[in-house]
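Me: I would like to learn how to read a few features of a model. Can we take them one at a time?

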Amino acid sequence: MSSDCSNLKVFLEQIGSYDSELVKTALTHPSFTSDNNLPYEQCYERLEFLGDAVLKLLASEYLYHKFPDYNEGKMSEIRSFIVSDETLSGIATKAGITEEIKVSHNDKTIKKLESVSACALEAIFGALYLSGKIKELKKFFDYNFSQLIEEIENKTLNPKAALQEYTQKNTKNLPVYKILKEAGASHKKIFEAGVFYQSQELGRGKGKTKKAAEQNAALEACKKLGIIEEHTDKNE
């Protein structure tokens, strides 16, 4: 199989044999089965349940090998971004999955919802997993998620860089960090830092070192500004 996994139709052609009925089900929204009096099993929800686990497994394995020095917390944080509706919806749209989803004739806008296209992508993973195509799914994952993971990793684990990039796009002014408080014994100090931009405080953070406190202040600022969104892994 070639390495072009950017489009679902091309990807399926490259795979060759798979359960086409399962893929058809993976692209069927519950509103479609309801409109047409079809059995519940013919909508994507059961496959989405399975595909969610398959996707998390592939993401976990990728992160485990990609970042051998990262602890569980760091890998979990990156994975939570990977499996968010926003991320999955973006991948689904680029791969041409969103436009293939069958929805109610009465409301065609359903497929534009991030949650719907994200579920359809997960369902595709479930369908192809049941078709015995785990190796092909790994290739699809690597092709479509690797660059995104690099970008996420840079932002989540280096929020100071992400914040600076954001401010530089708006003005030439850079964020300024100040140590606001120091507490504890000399060998157990806790620092509290604040980050300021254009004379306004954007965030505060604490840490055992000044650098850690500044990073946590930057992280809070990034979340407030929407540079980094707070995602919660559905099954964690």
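Reply: We go through a helix pair, a loop residue, a helix residue and the cysteines. This is a predicted model, where local features need pLDDT of at least 70, side-chain atom pairs count only at pLDDT 80 or more, and totals for chains, interfaces and linings use all residues. Residues are numbered from 1 along each chain as its sequence is written, and side-chain values use heavy atoms, with hydrogens and water left out.

Me: At what angle do helix H6 and helix H7 pack?

Reply: Two packed helices are described by the angle between their axes and the distance between the axes. Axes are lines fitted to C-alpha atoms, for helices over the stretch in contact, and angles run from 0 to 180 degrees between N-to-C directions. Helices are DSSP runs (H or I, at least four residues), numbered from the N terminus. Here H6 (residues 85-94) meets H7 (residues 114-130) at about 70°, and their axes are 8 Å apart. H6 is therefore roughly perpendicular to H7 (65 to 115 degrees).

Me: Which residues make the contact of H6 with H7?

Reply: Contact means heavy atoms within 4.5 Å. H6 contributes Asp-85, Glu-86, Leu-88, Ser-89, Ile-91 and Ala-92. H7 contributes Glu-114, Ser-115, Ser-117, Ala-118, Leu-121 and Glu-122.

Me: Is Thr-98 buried or exposed?

Reply: Buried means under 20% relative accessible area, exposed over 50%, and partly exposed in between (1.4 Å probe, protein chains only). Thr-98 has 13%, so Thr-98 is buried. Thr-98 sits in the loop between H6 and H7.

Me: What does Thr-98 touch?

Reply: Setting aside residues up to four places away in sequence, Thr-98 touches Ser-89, Ala-92, Thr-93, Lys-111 and Ser-117. The Thr-98 and Thr-93 side chains are also joined by a polar contact of 3.2 Å. That term means a pair of N or O atoms within 3.5 Å; within protein, one must be able to donate a hydrogen and the other to accept it, and residues adjacent in sequence count only if both atoms are side-chain atoms.

Me: Where is Leu-225?

Reply: Leu-225 belongs to helix H10 (residues 210-225). Leu-225 is partly exposed, at 34% relative accessibility. Beyond its neighbours within four places in sequence, Leu-225 is in contact with Leu-163, Tyr-166 and Leu-202. The C-alpha atoms of Leu-225 and Leu-202 are 8.4 Å apart, across 23 residues of chain.

Me: How many disulfides are there?

Reply: A disulfide is a pair of cysteine sulfur atoms within 2.5 Å. The whole structure has 0. For Cys-43, the nearest cysteine sulfur, that of Cys-119, is 10 Å away. Cys-43 is buried, at 2% relative accessibility. Cys-222 is buried at 0%.

Methods:
Helix = DSSP H or I, 4+ residues; strand = E, 2+ residues; numbered from the N terminus. Parallel < 35°, antiparallel > 145°, perpendicular 65-115°, else oblique.
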